[in-house]
Amino acid sequence: MTEESLVLHLPVLATIAIPLVAAVLGLAAARRSIVKDITVIAGFLALVSAGYRLWDSRTPIGSGPVPTDGTIRSVTSGIPALDLGGLLIPFEIAVSTRTALISLVVAAVTLAVLAFATWYLRDDDRLGVFLATVSLFAAAMQLVVHSADLLLTLIGWEVMGFCSYLLIGHWSRTPRARRAALKSFIVTRLADVGFVLGVVVLAAGARSTRYADVIEFWQQRPGTALTVAVTGLVIAVLGKSAQVPFQDWLADAMAGPTPASALIHAATMVAAGTVVLAQLAPLLASAPWAMRLLAVSVAVTMVLGAVLALGQSDLKALLAWSTVSQVAVMLAPLAVFPVITGVESGAAAPTTTAAALFHMYAHALFKALLFLTIGWLSLALHSTLASRLQGSARRLLSRIAVVVGLAALAGLPLVVGGWSKELVIATVAGEAVGLRGYLVLVALLVTVILTAMYATRAALVLLRRGPEVPAEPDDELLSTGELRAARATRSALRIAHQAEVNATPFTPRAVIVLLTLATAFGGVLLLGFERVLGVESHVSGTWLLVTLALALLGGALAWFLSGDGDLALRLGPRQALWDKGFGADRAYLAAVVTPVLALARAVTKVDDRVVDAPVRAAAAASVRWSDKVGSAHTSRPLTAVSMVGAGLVVLVAIGLVLALVAGGSP
Amino acid sequence: MLLAAVAVPVLAGLWLVAAGRGLSRRAALDAALLVALASAGLLAAAMWFGDSFDRAWISAIGIRLSLGIDGISAPLLVLTTVIGLLVVVLARSHTPAGGAPATYLGAVLIATGGALATFAARDAVVFFIAFELVLIPVWLLIHRFGDPHDENARRDAGLRFVLFTVSGSVLMLVGILALVSAAGTSSLDELVAAGATLPLGTQTLVAVLLVAGLAVKVPVFPLHTWLPAAHTTAPTGGSVILAAILLKMGTYGLVRLPVASVPDGFGRIAPVLAVLAAIGIVWGGLVCLVEVEAKRLIAYSSVAHMGFVTLALASGTEVGVQAALIGNIAHGVVSALLFVVIGGLKERWGAVRFDRPLPALREHAPRLGFVLILGLAAALGLPGLAAFWGEFMAIYAAWTSPLGPGLLLKVCAALAALGAVLAAAYALRVARLLWVGETDEPAIPTAADGSREGVQTETLGSERLVLTVLVLAVVAIGIAPHLVWSVTAEDVRVVMTR
């Protein structure tokens, strides 16, 4: 690579480097108010730089044009390549219109989250650290998006995981946050074993970590090794994206501040797997067993997530489970590639990966909008419980934001989520072959109904005023006077909440307005998007009608079931089961944590009583022996020294015998 | 210059130990700092000018007093010098009780100088002598300056340390003698060519002896039990020297002697070593999940981390040696950092045990808390920090190794990858107990005697400087492994592709 090309793709590097620098500076200045300016301005610069890259994508970089057909071209990142003798690590990054687009979305959501957090966490004494961590998180995600090197991807992937630990555990003064942070990191890290081994196997074959080398090498050699490697990658993606069986960490992660949730759910972390698998799609297509695993997991996850979302008592948890379900939708097109065998290869269906990435783009916009809106509405109430949030969206802006966001979630046409979901379903239907394809397709259609149901439920909760006095379970136990007092408190709370929402300053409002606009009209960008993704327009009338019909059916069903109140209340005491994610946490404890800890205790015991015991005995014996000898003499020699002498004699004797044998043998 | 860089700290240290009792604490500290700086300066000059030293010593058996620097030893020489300097600086605010400060500093200097000689030695016998030179001052550090609360533990730890390392040394000595007599030379450079031509039986025997002897020092499972005891009792500076310098001598010896000199013999026993290393990784990680004493926990994590280094070496590949070398350096700085943090807390609080409520560092001492979480992140192998490269490349090296029956080394690689999950679990366990605190109302720091007044949690005096240097090193190596690999690459290639 010439120096010239480094200058030309500087905007790409800048989108990674700017947040990184902001993180370092922000950490250094964490306790001064300047940290807000540093991180927000850096977020803005990163956005500009990512936007410039996309806008400028027709200008060739270095030796060739920027690919627009879903392939990538790798260029040097400025980090010198490493040659370790048998392994080349070129540290290259990718340029393509797709990466530029995803990078733009990531930068936009990051900026929205940063700007929102400066207001949302304005009273938090650790705001500076939070903003710096968000910047680092964004830098890591940008690295994953732009990476054209397995090792760079692994670096971004793991750093993102650790940042999520820090962000989820931000309010570490609460036990819930501490536990959630630990759980999220351990669960994803366990899955990441697959990533490490996958990278090792892939690199071991190609003797290089460059995507292009790895893909070229392994496409010629499908087989067990490739299946193992790609299955490993898929497992890691399932972990990071909270898919079955790793799904449970994401709901707990709600213990983090809402802006952190918005970032983790919308554009980073859970979506990272989609990006990685889309870029390594040719490998995935050559490993049918990995695709089968992915297909089963996403099919189960999308339905499970939607069912759980329907019954949550907490609206933030509803959004969390909807993320789980929607990420499964995102991954669905990647699970239905027609199997590529042997040398005929070629680029693996750019349309298919385009559908996945388009849904990621759509989901990033509307999920960021929904999270930030819920965070906004809940701030004065100090709760995201559905019962508390009943009717809390009263101002025009919040009502519009809720309607647009939930419409996109439900996949109604014209808003961004509708376009992308339709594209996903049409793609899966077009590609579906065999059991794997139909399983995913059926799951998708069921999910459309369920998603419309819980979106309607959330809309009804937020938009419709509840009964004047929300019936709280403990009201019956109160005397009349107490009841009056409790009601007064609640109405005071509501007034305070309204005042808080009214007093919201310009920045968070602007963030919500912009995200609402992006969600509402982001779908219209589809045409431009298709040029960027390098695929033909794919709108299919039939599937559009089918999805619309299913979504309306789900919405109507939810409306009917809701009656006057919240539909989830129909579950009664069983709602606890939903809130616990059907007991996955207990299953984790029983299946992994308890056995591992038991093993650890056993190992510690063995270490003490078996491995160490003879040593202790030897040491004690030598001390006794030297004490005896010592008492015979008037001057006691140092116990240790005499013991050393004894050991020495024995060992020299053994050594001499061995040496003699060695001398004799050859 | 190189000779002076090695000799100055040893001689000055001897003088401090022998005649330094009369010196005031201040004078001893200044003298030691001056010596450490002089040694560092001399070493830098020797590296810059490519200085070496070679003179006939015991001509009857052809042993030459030969010192030199190459790519394999250079990073370790730098590490040793820097760590030695940091330990001396640390003593300015943290001088352990148990004897005259001059004795402590003298022991530190001798250990540093001995380690420098070990890494600079170009002759197998000189290597052995230098190796042994380090033993006595370190024993002194553990036995005399160890944990003042527990006389028995100190005695036991010192005893076990000597018992283990001397046994290992004797095996190594026999190995070296067998190798030297068979190959007809004791020069490390000539042994690379001469050793490889030896018959397989001799090579195997030499490799067994050398590996067994050096494995004690590394330490390789199941010879590791001296390490937790030694670490727990040693003063902070002693723990740092143990972890960052002493253990490195073991792995460096493995690279120099069996891997470089008797490659075929080493190849035959390497699968056994790889299995032990993989067991060590998982074993250390598991123990860390339930261990309640903080310094013991870090010691067991050292066993796991050195397992990665050993596994990389046992792969017998060029990548493996590269991984081992960077893993060595990384473990040196990361464990030094953790020991300075935990050791400092132990000195202030009397004990750091996880079965009692601990003050949350994040609340009471945000700066120290930051250093701790960074150290823990490095310990769990987070990319971007020092330890990642060695661990990932060790797994890669084991996977690509041509050695071993069937898939044995691949299984070891997978076990090592699982060990990294255990590392995450125990690092975050420590973070949860010590960094964010376990109780809603974070416990208030108490002194060793239970009083709550005036107990310091945040870092003190020179500790802050030491920690800053270590943090920078951890981040620098993590972001730019080129720092180490560009130095080692050429010489590793020479050794591994003869």
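This is a predicted model: local features need pLDDT of at least 70, side-chain atom pairs count only at pLDDT 80 or more; totals for chains, interfaces and linings use all residues.
**View 1. The face of chain B that touches chain A.**
Chain B brings 55 residues into contact with 54 residues of chain A. Seen from chain B, several helices each supply at least two residues to that side: H6 (151-183), H8 (200-217), H11 (263-290), H13 (318-349), H16 (387-400), H17 (408-435) and H19 (482-496). H6(B) gives the most, with 13 residues. By class, this side of chain B has 38 nonpolar, 10 polar and seven charged residues.

H9(B) runs over residues 226-233. Eight of its eight residues are buried, so the helix is largely enclosed by the rest of the structure. The buried residues are B:Trp226, B:Leu227, B:Pro228, B:Ala229, B:Ala230, B:His231, B:Thr232 and B:Thr233. They pack against four helices of chain B: H5 (124-145), H6, H10 (236-261) and H12 (294-314).

The peptide bond from B:Val218 to B:Pro219 is cis. Its omega is near -10 degrees. B:Pro219 sits in the loop between H8 and H9 of chain B. A cis peptide bond also joins B:Phe221 and B:Pro222, with omega about 5 degrees. B:Pro222 is likewise found in the loop between H8 and H9 of chain B.

S1(B) covers residues 53-58 and S2(B) covers residues 63-67. The two strands pair in the antiparallel sense over five bridges. B:Arg55 stands opposite B:Leu65 of S2(B). B:Ala56 stands opposite B:Arg64, also in S2(B). Four residues lie between the strands of this hairpin. B:Gly62, in the turn, has a positive phi of about 70 degrees. How many of the six residues of S1(B) are buried? The count is zero, and the strand is hardly covered.

**View 2. Helix H3 of chain B.**
H3(B) spans residues 74-90, 17 residues in total. From its first C-alpha to its last it reaches 24 Å. That is close to the 24 Å expected at 1.5 Å a residue. The helix is mostly covered, with 14 of its 17 residues buried.

**View 3. Helices H6 and H7 of chain A, side by side.**
The axes of H6(A), residues 150-168, and H7(A) come within 8 Å. They cross at roughly 175 degrees. That makes H6(A) roughly antiparallel to H7(A). On H6(A), the contact is made by A:Leu150, A:Leu151, A:Leu154, A:Trp157, A:Glu158, A:Gly161, A:Ser164, A:Tyr165 and A:Ile168. On H7(A), the residues involved include A:Ala177, A:Ala180, A:Ala181, A:Ser184, A:Phe185, A:Arg189 and A:Asp192. By class, the contact of H6(A) with H7(A) has 14 nonpolar, four polar and three charged residues.

**View 4. Two non-glycine residues of chain A with positive phi.**
A:Phe91 is not a glycine, yet its phi is positive, about 50 degrees. A:Phe91 lies in the loop between strand S3 (88-89) and strand S4 (92-95) of chain A. Is A:Phe91 buried or exposed? A:Phe91 is buried, with 20 other C-beta atoms within 10 Å. A:Arg207 is not a glycine either, and has a positive phi of about 60 degrees. A:Arg207 is found in the loop between H7 (175-206) and H8 (211-219) of chain A. A:Arg207 is partly exposed, with 17 other C-beta atoms within 10 Å.

**View 5. A:Val593 in helix H26 of chain A.**
A:Val593 has its place in H26(A), which covers residues 584-611. A:Ala620 is 27 residues away along the chain. The C-alpha atoms of A:Val593 and A:Ala620 are separated by 38 Å.

Terms used:
Residues are numbered from 1 along each chain as its sequence is written. Chains are lettered from A and ligands numbered from 1 in the order in which they are written. Two residues are in contact if their C-beta atoms, placed from the backbone, lie within 7 Å. Ala, Val, Leu, Ile, Met, Phe, Trp, Tyr, Cys and Pro count as nonpolar, Asp, Glu, Lys and Arg as charged, and the others, Gly among them, as polar. A residue is buried if 20 or more other C-beta atoms lie within 10 Å of its own, exposed if 12 or fewer, and partly exposed in between; C-beta atoms are placed from the backbone. Two strands pair if DSSP finds at least two bridges between them. The expected span of a helix is 1.5 Å times one less than its number of residues. Axes are lines fitted to C-alpha atoms, for helices over the stretch in contact, and angles run from 0 to 180 degrees between N-to-C directions. Angles under 35 degrees count as roughly parallel, over 145 as roughly antiparallel, 65 to 115 as roughly perpendicular and the rest as oblique.
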